[in-house]
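Please read it alongside the sequence and the model.

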Amino acid sequence: YREKYGKNIAVKVCIMDLPNIDGLALGQETVAISTGLLKVASDEEMASAIAHEIAHLHYGDGVFNITAIVASLPIVLISNFLDGIARVVPIPSARFMFRRFGIEWLINMSIAVFLIMVILFCKLFRMLIMPVLWMLKVFEFLTAWPVEYRADRFAGDMGYGAALVSLLERKEDEDVRGATGFLRKYFYAHPPTALRIDRLERAMGLDVRNAA
């Protein structure tokens, strides 16, 4: 890594108590691998998984994910808070607003207008804020697969391509996601394992031809 990119990276490796073959990159220097991976992977396969997660650290994917979560969290909280207000605030009835003219009627009308304005404000704010959340979700979906392909290629460039293919074949057999049907399969955050294997094998074949 130092020879290729001219950088040093000090990685902290943590263990997740999960039965599936899985890995995760967190922040700028932390990688987590599952106990399921430790049970089935060889040393070379484990190194390939760590290399894949280091790619996410190298390209800043973990920092981006945390930034996106932190940025969207206030929007979600405010949206849910306003939705709760809109549900709790009572809608004044016509009888309440027009039951008697005079000071009492003026007070009733003021209260009614205030309550209606609160409800309208909450509804309008949610209408304006939801497209922002959807845009973040769409951006995440459009970038998720290329990010994983890039991390696989990074591990291959580090010399762990064959080991990563072997590990992905184990992952494919395990069927971690349990997703059935076209939509569930292709709208998952990670690309299908078979596509990852195919892309990585093609990249390795291309590298072999270039080397020859």
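1. A salt bridge joins the side chains of Arg 150 and Asp 61, at 2.7 Å from N to O; the term denotes a side-chain nitrogen of Lys or Arg within 4 Å of a carboxyl oxygen of Asp or Glu. The two partners belong to distant parts of the chain, Arg 150 to helix α6 and Asp 61 to helix α4 (residues 61–88), and are 89 residues apart. Helices here are DSSP runs (H or I, at least four residues), as strands are (E, at least two), numbered from the N terminus. Asp 61 counts as buried, at 8% relative accessibility, while Arg 150 counts as partly exposed, at 32%. Buried means under 20% relative accessible area, exposed over 50%, and partly exposed in between (1.4 Å probe, protein chains only).

2. On provenance: this is a predicted model, in which local features need pLDDT of at least 70 and side-chain atom pairs count only at pLDDT 80 or more, whereas totals for chains, interfaces and linings use all residues. Residues are numbered from 1 along each chain as its sequence is written, and side-chain values use heavy atoms, with hydrogens and water left out.

3. Glu 45 is buried, at 4% relative accessibility; Arg 170 is partly exposed, at 35%.

4. A further salt bridge, between Asp 157 and Arg 153, has an N to O distance of 3.4 Å. Both residues lie in helix α6, four residues apart, about one turn of the helix. Asp 157 is partly exposed at 35% relative accessibility, as is Arg 153 at 33%. The count of salt bridges comes to six.

5. The largest nonpolar core has 15 residues, of which Val 31, Ile 33, Leu 37, Ala 41, Ile 54 and Leu 167 touch the most other members. Such a core is a set of buried Ala, Val, Leu, Ile, Met, Phe, Trp, Tyr and Cys residues joined through side-chain atoms within 4.5 Å. Two or more residues come from each of β3 (30–34), α3 (43–59) and α6 (103–174), with α3 giving the most, six residues.

6. Which residues does Leu 37 contact, leaving aside its neighbours within four places in sequence? They are Asn 20, Ile 21, Asp 22, Ala 49 and Leu 167, contact meaning heavy atoms within 4.5 Å.
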